[in-house]
Amino acid sequence: MVVVDSEHIVTITGISHQGAGIARINNLVVFVAKALLGEVVRIRLTEIKKNLAKGELLEIITPQKERIASLCAFSEICGGCELQHASYSYQLDAKRQIVAEAFQRLAKIDVPVAPVIGMETPWRYRNKGVFHADYQAGKVVLGFYQQGSHQCHSASQCLLFSEEVNRLVSYLEKGLQQYSPAHYVQKIMIRQSSFNGEMMLVFVTKDNSWRLTELVKNIITDFPQVISIYHNINTNPKLMLGKIFHHISGREKLHDTIGDFHFQLSPQSFFQVNNQQTQRLYQKALELAQLTGTEQVVDAYCGIGTISLYLAQQTLMVYGVESVSQAVKDAQQNAHDNHIANCQFITAKAEDWLPKWLAKNHHADVIVVDPPRKGCDSQMLHALANSAAEKIVYISCEPSTLARDVRYLQENGYQVQCVQPVDLFSWSWHVETVCLLSKLSAQQHIEVAL
Ligand code: SAH
């Protein structure tokens with residue numbers, strides 16, 4: 001009987017977009033976390049909803065040859081990474097498949113997906129972490145939620161961060177125990193520069209009063225690499241960080257690099273978490289844009305102007321559009337510091353600004369978009385389709401919304417030319433993709449529609 005709690009032996013025949021194994025029991029599609037493609041496994045059904053179900057992995061009867069013993073001693077309990085039990089090459093293949101499936105299944109677009117650009121050493125790559133503070137029987141743990149629970153697992157040995165960050169986490173756990181009144185600190189964000197190892201700390205609390213002066217004094221003495229400390233007030237537990245930041249100590253910004261460019265980061269700035277792979281991603285975006293030095297380029301969702309500066313090296317003018325005003329100020333400063341004069345940054349919602357700018361008879365030869373997870377808003381897609389830009393370079397961290405938006409653009413005068421995933425988040429199922437679309441001539445558009 002196929003009911004909750006029943007046990008089954010199944011073969012994993014697919015990979016879900018979140019990296020879980022997919023099996024079928026008659027018409028029921030079952031997602032099995034931590035099961036790999038091709039494995040025969042014994043599972044227990046934990047949840048059934050219509051024709052979808054979740055299964056708990058009980059036993060691996062026939063393991064995949066790509067199954068590995070994780071280097072991380074806590075991979076079984078920590079909810080931070082989903083693919084610690086799979087070899088790196090399996091992960092890269094799985095991510096390519098996740099992107100290809102999004103295009104085929106969701107967008108009905110049959111396009112070759114290039115092999116994922118991976119890392120040589122996929123460890124200790126993260127330059128930022130937000131660690132939850134969990135108060136367990138008088139002990140403070142800073143880290144990530146355990147699988148399916150609200151208990152935290154300490155990140156003091158997490159292999160995605162540098163050893164200095166691991167040491168700082170362990171130090172802060174002890175420090176909070178000593179100096180933080182019960183449950184005062186909710187989270188701590190740590191940013192580390194891959195350029196010089198310096199770190200920025202942000203203590204996140206619910207209320208406005210600052211109660212960690214003693215702890216901060218000691219951190220500065222014991223960790224000279226911590227050059228900046230902030231206090232963030234967050235009253236909404238669903239959000240990672242609140243809107244209010246108070247500068248507590250040290251410098252206001254952290255200095256980091258991507259390739260040859262230098263960036264000053266505020267605590268709230270968006271900055272990709274993996275510097276080495278971000279450089280490869282931006283390099284690929286630049287290559288796909290095929291700039292000759294004469295183009296007008298729009299960089300929509302530009303953050304602190306990282307991609308804009310890359311593009312500006314090879315073109316006439318770049319217009320960066322970003323909705324967060326502090327990020328735009330940082331972008332302007334970054335362009336100045338890198339001696340780049342052919343960039344202009346605008347604070348606006350991309351979907352509001354682009355149609356207005358185009359209506360004033362401006363023309364973009366290339367438009368780069370790098371929206372958040374939810375993809376481009378319909379007004380933005382409409383503006384892109386009517387932009388007459390020869391090329392659109394779409395960078396995305398969510399294959400399903402990328403495929404959805406590319407489908408719209410394909411139906412409205414553009415054709416996808418290249419889909420290139422890049423691995424910025426090794427050991428998790430997340431994948432970044434850069435995609436090139438080019439404008440079809442009116443004749444080509446008619447032929448495609450037929
Ligand atoms: N291209 C940058 C940032 C990408 S993250 C980089 O590679 O670092 C997405 C950015 O889009 C964030 O900075 C976010 O603040 C911004 N954003 C979100 N919604 C937006 C909108 N509607 N219009 C413009 N920018 C937006």
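How many residues of domain 1 are in contact with domain 2, and with how many residues there? Six might be a guess from the picture, so let me give the count: 6 residues of domain 1 touch 4 residues of domain 2. Bear in mind that this is a predicted model.

First, the layout. Domain 1 covers 1–65. Domain 2 comes in two pieces, 95–119 and 274–449. Domain 3 runs over 128–258.

On the domain 1 side, look at Ile15, His17 and Gln18. These residues supply 81% of what domain 1 buries against domain 2, more than any other three. Salt bridges between the two domains: 0.

On to the aromatics. The count is 13 aromatic pairs. Take Trp123 and Trp427. They are stacked, 4.3 Å centre to centre, with 20° between the planes. Trp123 sits in the loop between helix H1 and strand E7, and Trp427 in the loop between strand E21 and strand E22, so the pair ties together parts 304 residues apart in sequence. Both Trp123 and Trp427 are buried. With Tyr88, they form one aromatic cluster.

Tyr230 belongs to strand E12 and Phe245 to strand E13, 15 residues apart. Both Tyr230 and Phe245 are buried.

How values were computed
Residues numbered from 1 in each chain as written. Predicted model: local features only at pLDDT ≥ 70, side-chain atom pairs only at ≥ 80, totals over all residues. Heavy atoms only, no water. Phe/Tyr/Trp six-rings, centres within 6.5 Å; stacked < 30°, edge-to-face > 60°. Helix = DSSP H or I, 4+ residues; strand = E, 2+ residues; numbered from the N terminus. Buried < 20%, exposed > 50% of the residue type's maximum accessible area, 1.4 Å probe, protein only. Domains from an automatic or database assignment. Contact = heavy atoms within 4.5 Å. Buried area = accessible area lost by both parts, 1.4 Å probe. Salt bridge = Lys/Arg side-chain N within 4 Å of Asp/Glu carboxyl O.
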